[in-house]
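Please walk through this protein with the model open beside the text.

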Amino acid sequence: MTDLYYDVCGTGPVLLILPGGAGHPMGLEPLTDRLAERFTVVTHDPLGLAHGRLGQPVADQRVEEWSEGARRVLDAVLPAGESAYVLGTSAGGVVALDLAARHPGRLRHVVAHEPPCVTVLPDGERQRALFARVYDTYRAAGPQAAGALMGAVLTETAATDATGTATTEAPVDGQPLSPAEESASPMALFLAHVLRPFTAYAPPARPVEAPLTVAAGADSAGQLLHRTAALLAERCGGVFAEFPGGHIGAVEQPEAYADRLTEVLGSPTR
């Protein structure tokens, strides 16, 4: 990876935003506008999808490559000797955990919101298999069918057989996307190239040195990624916090979410 794609707004201490999905920052402008009242908000776009690269071929992605890109963005924007706040949501939350493990000295406080690191759960292999079924559904019947199954997996309402394999069938009218259609859709790129490697990632089983909060949406209580976040906070030596909304609370309730984030970043973590 040689190119860096990111946007900057606001003034104050640096807050690096690591979006979810395929890293496209779509829908985050109300959140970043609110945060820009207090922070220099730097939004990373790891694949450059919002910077003219949507429609270009994309390979399977690696958490470590996105984390390295985030570190390079920090190198580009941080004055010498200073550190940054970080918010990562969903797939970006996975990257935030990896960044905290690898480069804690550059980080003032990391918030990872509902990172789907399901392999750390007692039933992690079953959950990983369910996400693999989501991928298979995408390949067979397209993003709408896969999205429906993924929603059932996240809310833990997916029908499974005795082995824990998802039995939800894709709609019969679902069709796989062409390569050109896939490369033009951030959601399709996420399902095709991010979902499996990122849900397979497990952070080191030791406390990170950077101050860490692992967050979940209040509306996600009782769901897969809420319990995942609580376990990750314990595993990584951080604290657990609830934020407004659900898995995409940053988009659903941006102002309340931004205010809660500002509150958490100003609180001690240990």
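Is helix H8 (residues 186-193) mostly covered or mostly uncovered? Helix H8 is mostly covered, with seven of its eight residues buried. Buried here means under 20% relative accessible area, exposed means over 50%, and partly exposed lies in between (1.4 Å probe, protein chains only). Helices are DSSP runs of H or I with at least four residues, strands are runs of E with at least two, and both are numbered from the N terminus.

This is a predicted model, in which local features need pLDDT of at least 70 and side-chain atom pairs count only at pLDDT 80 or more, while totals for chains, interfaces and linings use all residues. Residues are numbered from 1 along each chain as its sequence is written, and side-chain values use heavy atoms, with hydrogens and water left out.

The buried residues of H8 are Pro-186, Ala-188, Leu-189, Phe-190, Leu-191, Ala-192 and His-193. They pack against helix H2 (49-53), helix H5 (124-141), helix H6 (143-154), helix H7 (179-183) and helix H9 (195-199). Contact means heavy atoms within 4.5 Å.

Now the whole protein. It has 12 helices and seven strands. Its radius of gyration is 18 Å, close to the 18 Å that the globule rule gives for 270 residues, so the protein is as compact as a globular protein of that length. That radius is taken over C-alpha atoms, and the globule rule is 2.2 Å times the number of residues to the power 0.38. Along the principal axes, the C-alpha trace spans about 55 × 40 × 30 Å. Of the 270 residues, 51% are buried. Among contacts with a separation of 6 or more, 77% are between residues 24 or more positions apart.

Ala-76 and Leu-4 are 72 residues apart in sequence and 9.3 Å apart in space, C-alpha to C-alpha. Ala-76 counts as partly exposed because its relative accessibility is 47%.

The cysteines come last. A disulfide is a covalent bond between the sulfur atoms of two cysteines. Here it is assigned to a pair of cysteine sulfur atoms within 2.5 Å, and by this rule the count comes to zero. Cys-117 is buried, at 0% relative accessibility, whereas Cys-9, at 26%, counts as partly exposed.
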